[in-house]
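My plan is to pick a few spots, look each one up, and jot down what turns up.

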Amino acid sequence: MADVATVGHGGTVQYSYNVSFTPSGVPADPTAASGASISVMDNVCGAATANESGGFNVGDTSPQNGNLDAGETWAYRCTFVVPAHTTGEVDPIVNTVTVTGNDTNGDPAAAGMDTASVNIVHDAGSLSISKIADVSSVTHGGTVSYSFAVQYIPGADGSPARNIVVTDPQCDSAPVFSGNGDTNGNGLLDAGEMWAFVCSFSVPALHSAGEEDPILNAATVNGQDLDGDPVTTGSSSTVSVNVTHTPGTLTVTKSADRTTVNHGQTVTYTFDVSYAPGADGSPAQNIVVADPQCTAGALSAPNTSTAVD
């Protein structure tokens, strides 16, 4: 048995073994195993050490004769230090102990075996993510392709992250792993690797009131350590893409409040401005009407908004 159920890298597991001997039941056969012949071997930590007192195993009690008698339980131990994380390490640590020996006639006794399992716990690290767009500006109906580079700074034990998920609210669908960056092909984000994710965003074909321009968004990345515990989330800087619009055509209609005028009288002109938008349906702004006939400074402000739809 192991003294712990879980252990971290660099930690120690103390294994304990209890060995007993069951005689065959045939009267002529020995009722004890030769103590000198008993070997306890563990596939993880090697040969076990006997727990002794006064030159005898602590379980050698009835009688204390150097042989493993029926009814006795002899004690052994071994220690295993968990090494630093390595790719492909066995987790949990499942080890098998085998005991062999001879009876007091020198004939081999049937070997005994048992197993124990200890989970390795890992240190969580931190994820980071960077994001770029393939364009700095886009028209209505166009597409922006986003690329994400994800890296992991592991915890003290150097173990990788798994179950990496990139989220971006601007993408048409969730970003996907491109397959690039997993250099050792183990499906885990190791230190020094840079995983690539991609997604795209389709700009609506038509302008809408209050649309976001420029398009601003950031991405986040989440993941887990090898124990399934969350690692520190990463967030990208904000990426900005300007929306460019299709220009349309302005028209202006002018009318006067009279057809004749005397010297000293005033003529009031009215200008009706309309706009035929381009293909994206976006409006015009910063409308300025100029008329050389008007008295300087006498052209009034428009009686509608400055955006002409």
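This is a predicted model: local features need pLDDT of at least 70, side-chain atom pairs count only at pLDDT 80 or more; totals for chains, interfaces and linings use all residues.

**Notebook: a few spots looked up**

I started with L250, which counts as partly exposed at 47% relative accessibility. I then checked where L250 belongs, and its place is in strand β23, residues 249–256.

**Cis bonds**

I went looking for cis peptide bonds and noted one from D91 to P92, with omega near 5 degrees. P92 turned out to lie in a loop, the one between β10 (74–81) and β11 (93–100).

I noted another cis bond from D213 to P214, where omega is also near 5 degrees. I placed P214 in the loop that runs between β18 (195–202) and β19 (215–217).

**Positive phi**

Then I looked up backbone angles. N163 is not a glycine, yet I read a positive phi of about 55 degrees for it. I found N163 in strand β16, which covers residues 162–167. Is N163 buried, or is it partly exposed? I get a relative accessible area of 48%, so N163 goes down as partly exposed; the cut-off for exposed is over 50%.

N286 went on the list as well: its phi is near 55 degrees, a positive value in a residue other than glycine. I located N286 in the segment after β24 (269–276). With a relative accessible area of 63%, N286 is exposed.

**A sheet of 3 strands**

My last stop was an open sheet. In what order do its 3 strands come? I wrote down β14-β22-β19, with mixed pairing. The edges are taken by β14 (137–139) and β19; each has a single partner strand, so one side of each is left without a neighbour in the sheet. I also noted how neighbouring strands here are turned against each other: 25 degrees on average, direction ignored.

β19 pairs with strand β22 (residues 239–244) in the antiparallel sense, over 3 bridges. Which residue of β22 stands opposite N217? I found V239 there.

Note on methods:
Residues are numbered from 1 along each chain as its sequence is written. Side-chain values use heavy atoms; hydrogens and water are left out. Helices (H or I, at least four residues) and strands (E, at least two) are DSSP runs, numbered from the N terminus. Buried means under 20% relative accessible area, exposed over 50%, partly exposed in between (1.4 Å probe, protein chains only). Two strands pair if DSSP finds at least two bridges between them. Axes are lines fitted to C-alpha atoms, for helices over the stretch in contact, and angles run from 0 to 180 degrees between N-to-C directions.
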